[in-house]
Amino acid sequence: MSTIESITLMLALVYSISLLYWSKQKWGAAISGVLLGSALLMTLHWPLFVGLVVALVAVTMLNKFQPALAQGGAAAGESSRGNNKANQLREMIRHLLALSMLLVGVQFAINSAMLKAGVDPILVRPDIGDAFLPIAGGIELKAILGLGLWDKNHPSAAVMLVVVLLTGLLCKRAFCGWACPLGLAGDYLYALRKKFIKQEFAPPAWLDWILRMLKYLLMAALILLVFTMPLASIPHYLDGYYHKVADLKMALFFLKPTIISLICFSIILGIAAWKKQGFCRYICPYGAFLGLLSFLSPFKIRRTTEQCLIEGKGMKCDKCTRACPANIIIHTQTTIRSDECQACMKCISACPKQEALHFSTRWGTKMSARGLTILLLSLLFMIPLWAYVGGFWHGETPTEIRMMLIQHLGSIGH
Ligand code: SF4
Ligand code: SF4
């Protein structure tokens, strides 16, 4: 595990343990602390210890200068409404994760450039980059389930696929709203466009529906690709040159685009700039998969009608609906089942009435912004840490092989 990965992982886990502590979940904090400590002792991997020191200093400083954020904030943590603390917490998480991915990208670029130059890389390849190989991850999962075969080249692709899908199963599309760096980039692109062209482009409902189905078509195509791959051919694929450099092939796809892919990129960027969350809403196949799984999520946004100003006081109100970046009509529903809900909790923050809106289960168990942060960070980082301990994280493709293959990248096919 590279130093950047280790620091990010320790920051996320120490922060989530600290949030557990501040939310008085002392047992949860103790169990997480034991899990973290045991993993550290089992690996004795020095970057993780560097990460631990950085994380302890960072969380202590945050607690000193921004106690509300460090502790999840009373407002952000317990009720998530009435102020911006929940949004601040979400924005902090999104930006820190995006920064970490950016640094990982730089490290990957340096590693690849040195491989291409025929020099032994001074920086190791960050395995977390394999999170961008969902098809490889799907094939690896098929190999594990169908053949009991564990991939040695990009095992973290399968780990991250499982982790991200688990988030969808447990807490709607919170991964999209709280963690995805592409979603964040889309938000910035949209904000930039709004600076120059103020007009809001809202497609009619029928066109919006058709466009939303586009991501499901892409998702179906990707799933079909994995499902139709004969089980017997998977060992050969996993051992082949293409899979060994699947990450480099992916990078090459973006660095040396064909005319067709350039047109596709332009359309995608145009959609992201044109419509708020346009990429997540219309294009992202990962988001589509999470959207489908999110129907099973026990946690959903729920409106308690007796507490709502509409039914409770006979007043007019649609603040929750107007706050929703996913254009979901909230104020007329009691349970938001929409596959577009990213659990951003903006509707809860916008609601003037305590207890009217919650992210909760049908049995009444509520999850605050702080609780969601803890759940997400634990899933996104504790599982990879234990995958690393179990030897199912680090790609073992020899450097010499990658150095040789990168020289012929353009001609390597499936
Ligand atoms: S504002 Fe509420 S309903 Fe809309 S996406 Fe965010 S959490 Fe879901
Ligand atoms: S913002 Fe709150 S009070 Fe207003 S309609 Fe939505 S749930 Fe009801």
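A: We begin with accessibility: a residue is buried under 20% relative accessible area, exposed over 50%, and partly exposed in between, using a 1.4 Å probe and protein chains only. Leu44 has a relative accessibility of 61%, so this residue counts as exposed. The model is a predicted one, in which local features need pLDDT of at least 70 and side-chain atom pairs count only at pLDDT 80 or more, while totals for chains, interfaces and linings use all residues. Residues are numbered from 1 along each chain as its sequence is written, chains are lettered from A and ligands numbered from 1 in the order in which they are written, and side-chain values use heavy atoms, without hydrogens and water.

Q: Where does Leu44 lie?

A: Helices are DSSP runs of H or I with at least four residues, strands are runs of E with at least two, and both are numbered from the N terminus. Leu44 lies in the loop between α2 (26-43) and α3 (46-65). Although Leu44 is not a glycine, its phi is positive, at about 50 degrees.

Q: Is Gln277 buried or exposed?

A: Gln277 is buried, as its relative accessible area is 14%. It is found in the loop between α15 (259-274) and α16 (278-283). Gln277 is not a glycine, yet it has a positive phi of about 55 degrees.

Q: How many aromatic pairs does a search of the whole structure find?

A: Rings of Phe, Tyr and Trp (its six-membered ring) pair if their centres lie within 6.5 Å; planes under 30 degrees apart are stacked, over 60 degrees edge-to-face, and the rest tilted. Searching the whole structure gives eight aromatic pairs. One of them joins Trp150 and Phe392 edge-to-face, with 4.4 Å from centre to centre and 85 degrees between the planes. Trp150 is in the loop between α7 (134-147) and α8 (155-171), and Phe392 is in the loop between α21 (369-389) and α22 (399-406), so this pair ties together parts 242 residues apart in sequence. Trp150 is partly exposed at 46% relative accessibility, whereas Phe392 is buried at 12%. Elsewhere, one aromatic cluster is formed by Phe253, Phe254 and Phe265.

Q: Which ring does Lys64 lie over?

A: A charge sits over a ring if NZ of Lys or CZ of Arg is within 6 Å of the ring centre and within 35 degrees of the ring normal. Lys64 lies over the face of Phe65, 5.7 Å from the ring centre. Lys172 is placed over the face of Phe295, at 5.9 Å from the ring centre.

Q: Which residues surround ligand 1?

A: A residue belongs to such surroundings if one of its heavy atoms lies within 4 Å of the molecule. Around ligand 1 are Ile301, Cys324, Pro325, Ile330, Cys341, Gln342, Ala343, Cys344, Met345 and Cys347. For classes, Ala, Val, Leu, Ile, Met, Phe, Trp, Tyr, Cys and Pro count as nonpolar, Asp, Glu, Lys and Arg as charged, and the others, Gly among them, as polar. The shell around ligand 1 has nine nonpolar residues, one polar and no charged.

Q: By class, what residues has the shell around ligand 2?

A: That shell has eight nonpolar, one polar and two charged residues. Its members include Arg303, Lys319 and His331. The elements α18 (309-313) and α19 (319-323) each give two or more residues to the shell around ligand 2.
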